[in-house]
Amino acid sequence: MDIVVLISGRGSNLEAIAKAYKTGKIQGKIKLVISNKKDARGLEIAREYGIPAEFHNPSKFDSRLEYDRHLINRIKKENPQLVVLAGYMRILSDEFIDAFEGKLINIHPSLTPAFTGLKAQKQAIEYGAKFSGCTVHFVSKELDTGPVIVQAVVPITPEDTEETLSEKILKFEHRIYPQAIKWISEGRVKIEGRKVIVKDAKYGTIPVNPALEDF
């Protein structure tokens, strides 16, 4: 499966995905990495893996919609089967989401629909939640609420801070994101309304549901 990845920052999920491609766990290639931040560490990671990487400056466009239209045109030149948001910190326009409907996925550091938006880990700590985690989902027009592919659960202890919880969650992000991409690449993921079914996956497992197979 050929993909395009959008990033804004350090690129740790990008690196996990790139490793999965490099080792052959996922067939195909990452055709392009795009960042809206010039100094994003993820651009360097992409180049280290031999992946074309580009910075596209939002300040050169008069509106979010114009920038998104520019990205749509650039991404479509690569003809990807999937567009992957990996720490991309811009809210997407409806037009962008429509352009890649059913082929656009994201990872969020909470068990959606809880704690959507920014600083989800901090939200969980301040709320006093006893569990949090991460979610891979298809992107919808409502922020962080698209149909769920896979989730991982982590416990929150009284000693946890935003930073320690983030680290616990991140370890699972690096496993469930490439796993979700592999399932999609194998044609095993079907969307039925709000439900996402992974064919032949093992459901009812903890801490990851459905169960990890390759990561």
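By buried I mean under 20% relative accessible area. On that cut-off Ser12 is buried, because its relative accessible area is 19%. Keep in mind throughout that this is a predicted model.

I'll stay with Ser12 for a moment. Ser12 lies in helix 1, which covers residues 12-22. Setting aside the neighbours within four places in sequence, Ser12 is in contact with Leu170 and His174. With His174 there is also a polar contact, side chain to side chain, at 3.0 Å.

Next, the loop that follows. Thr23 sits between helix 1 and strand 2, residues 30-35. Is Thr23 buried or exposed? Thr23 is exposed, since its relative accessible area is 57%. For a sense of distance, Thr23 and Ser110 are separated by 87 residues in sequence and by 28 Å in space, C-alpha to C-alpha.

An open sheet of eight strands runs in the order 3-2-1-4-5-6-7-10, and the pairing is mixed. Which strands stand at the edges? They are strand 3, residues 53-55, and strand 10, residues 208-209; each has a single partner strand, so one side of each has no neighbour in the sheet.

Strand 1 is the one I looked at in detail. Strand 1 takes in residues 3-7 and is mostly covered, with five of its five residues buried. In a regular strand, side chains alternate between the two faces of the sheet. Here Ile3, Val5 and Ile7 point one way, Val4 and Leu6 point the other way, and all are buried.

On to the partners of strand 1. With strand 2, the pairing is parallel and runs over five bridges. Val4 stands opposite Leu32 in that strand. With strand 4, residues 82-85, the pairing is again in the parallel sense, over four bridges. There, Val4 stands opposite Val83, and Val5 has Val84 as its bridge partner. Strand 1, helix 1 and strand 2 together form a right-handed β-α-β unit.

The largest pocket has a volume of about 1,000 Å³. It is lined by 38 residues, and the closest to its centre are Gly87, Tyr88, Met89, Ile107 and Pro109. Which elements each supply at least two residues of that lining? They are helix 1, helix 4 (94-99), strand 5 (104-108), helix 5 (120-127) and helix 6 (162-185). Helix 6 gives the largest share, five residues.

Two peptide bonds to proline deserve a mention. The bond from Thr112 to Pro113 is cis, with omega near 15 degrees, and Pro113 is in the loop between strand 5 and helix 5. A cis bond also joins Asn209 and Pro210, where omega is about -5 degrees; Pro210 falls in the segment after strand 10.

As for phi, Phe115 is not a glycine, yet its phi is positive, about 55 degrees. Phe115 is in the loop between strand 5 and helix 5, and Phe115 counts as buried because its relative accessible area is 17%. Asp200, also a residue other than glycine, has a positive phi near 65 degrees. Asp200 belongs to the loop between strand 9, residues 195-198, and strand 10. Asp200 is exposed, with a relative accessible area of 68%.

That is what I have for today.

Definitions and conventions:
Residues are numbered from 1 along each chain as its sequence is written. This is a predicted model: local features need pLDDT of at least 70, side-chain atom pairs count only at pLDDT 80 or more; totals for chains, interfaces and linings use all residues. Side-chain values use heavy atoms; hydrogens and water are left out. Buried means under 20% relative accessible area, exposed over 50%, partly exposed in between (1.4 Å probe, protein chains only). A polar contact is a pair of N or O atoms within 3.5 Å; within protein, one must be able to donate a hydrogen and the other to accept it, and residues adjacent in sequence count only if both atoms are side-chain atoms. Contact means heavy atoms within 4.5 Å. Two strands pair if DSSP finds at least two bridges between them. A crossover is right-handed if, with the strands pointing away from the viewer, the path from the first strand over the helix to the second runs clockwise. On a 1 Å grid over the protein atoms alone, a cavity is a set of points where a 1.4 Å probe fits but cannot get out, and a pocket is an open set with protein on both sides within 12 Å along at least five of seven lines; lining residues have an atom within 4 Å of a point. Grid points are joined across faces, edges and corners, and a volume is the space filled by probe spheres set on the points.
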